[in-house]
Amino acid sequence: MIKTGDPRTLGVPSSEARLRFDAEMHELGGGPRRRLLMVDDEPAFELSFYCGTCPLLFRRLETAREKLSLESMQERLSGPLGDPDDGGVIDAFGALLPEGEYLPLLLSVQPRLVVPGKEGDYFSGEQVTSWGVDQFWGLPEYPHTPYYRTFETAVDVDAHLYEFVVPMVPPTWNERDRVEEYVARMGQGAVPTAVAVSTLDVCQPAVSFGDDPSVHWGLTHFLLDGHHKLEAAAAAGRPVRLLSLLSLGESLAGADEHARLPALRARPRSARATET
């Protein structure tokens, strides 16, 4: 944790926002079916379901094809922000978002690229330990995208915080020359800044088919800017700064949990300890 800003109202009317949160409804007026992150009015990611007892989820959908970087901010983000408010970055990216309350968090992260089903995958590892595999498919959840793991720590004896950075498009779509340029710059000590809109989803299994039915606090950062930077940092084993705009109204967490987050994020990294 570098610094936390004060919660603030950001964004534009939802109909004008390039990125917004939405829910599919049942055709006959029933409750919500899927919780979605929309980009340019297309469903980009399916998110954790509203119930709070279903597993944490960020699943890339077929229409997730767009990044949301801003050319006007590229020079400012080429180095480390020292404060969330530096250089008008919050207001610039806030204009892409739907109107709501956001908590700015300026973080230092050292990302590790994870491929679903491979070593370090949360969905086939820690999530299965708490929920078991999907009872219909007999398989772990599958996010349909590589992603980055950056941090985790204990919330208390029965709960753990897991942090993820999710690219809007997979790293294979990145330009190789730009990634290599960032790798070289980071090798010389450069620390660029990425920007994300984030959610905090607190999920707890109601009936567990796993061995550790603990509460999972999922802090998920969806990249607005920084796709090449995150891949380069993962390849070089170097840190980057991440300006997170945490959506307070669209997270599956309450005011008390939001209030605890800055202190939790400032704790030392620690893995979940489970009995064997």
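Where is the place of Glu175? Glu175 sits in the loop between E10 and H3. The model shown in these views is predicted.

View 1. The loop between E10 and H3 holds Glu175. Glu175 is partly exposed, with a relative accessible area of 48%. Its C-alpha atom is separated by 38 Å from that of Gly132.

View 2. H3 has 12 residues. From first C-alpha to last, H3 reaches 17 Å, close to the 16 Å expected at 1.5 Å a residue. Val179, Tyr182 and Met186 are the buried residues here. They cover an arc of only 65 degrees around the axis, so they lie on the same side of H3. Asp177, Glu180 and Gly187 are exposed on the other side of H3. What do the buried residues of H3 pack against? Their partners are helix H4 (227-236) and strand E13 (240-247). Just after H3 comes Gly189, with a positive phi of about 105 degrees.

View 3. Four residues of H5 are named as buried: His258, Leu261, Leu264 and Arg265. Their arc around the axis is only 115 degrees, which puts them on the same side of H5. On the other side of H5, the exposed residues are Ala255, Asp256, Ala259 and Ala263. Which strands do the buried residues of H5 pack against? They pack against E7 (100-109), E9 (147-156) and E10 (159-166), and also against E11, E12 and E13. Strand E13 also receives the buried residues of H3.

**View 4. Ser247 in strand E13.** Ser247 belongs to E13. Is Ser247 buried or exposed? Its relative accessibility is 3%, so Ser247 counts as buried. Neighbours within four places in sequence are left aside in the contacts shown. Ser247 is then in contact with Phe21, Glu101, Tyr102 and Ser198.

**View 5. The largest cavity and its lining.** The structure holds 1 cavity of 30 Å³ or more. The largest cavity has a volume of about 30 Å³. Which residues line the largest cavity? Leu47, Ser48, Leu57, Phe58, Thr199, Asp201, Thr220 and Phe222 do. Strands E11 (193-203) and E12 (215-225) each supply at least two residues of this lining. By class, the lining of the largest cavity divides into 4 nonpolar, 3 polar and 1 charged.

**View 6. The largest pocket.** The volume of the largest pocket is about 230 Å³. It is lined by 17 residues. Closest to its centre are Pro55, Trp131, Val133, Asp134 and Gln135. How do the residues of the lining of the largest pocket divide? There are 11 nonpolar, 4 polar and 2 charged.

View 7. H3 and H4 each supply at least two residues of the lining. Which helix gives the most to the lining of the second largest pocket? H4 does, with 3 residues. The lining of the second largest pocket divides into 2 nonpolar, 5 polar and 6 charged.

**View 8. Asp40 and Asp41 in the loop between E4 and E5.** Asp40 is found between strand E4 (32-39) and strand E5 (42-47). Asp41 has its place in the loop between E4 and E5. Most residues other than glycine have a negative phi. Phi of Asp40 is positive, near 50 degrees. Phi of Asp41 is also positive, near 65 degrees. Asp40 has 33% relative accessibility and so counts as partly exposed. Asp41 is partly exposed, with a relative accessible area of 49%.

Notes
Residues numbered from 1 in each chain as written. Predicted model: local features only at pLDDT ≥ 70, side-chain atom pairs only at ≥ 80, totals over all residues. Heavy atoms only, no water. Expected span 1.5 Å × (residues − 1). Buried < 20%, exposed > 50% of the residue type's maximum accessible area, 1.4 Å probe, protein only. Arc of directions from axis to C-beta. Contact = heavy atoms within 4.5 Å. 1 Å grid on protein atoms, 1.4 Å probe; cavity = no way out; pocket = protein on both sides within 12 Å on 5 of 7 lines; lining within 4 Å. Points joined across faces, edges and corners; volume = space filled by probe spheres on them. Nonpolar A, V, L, I, M, F, W, Y, C, P; charged D, E, K, R; others polar.
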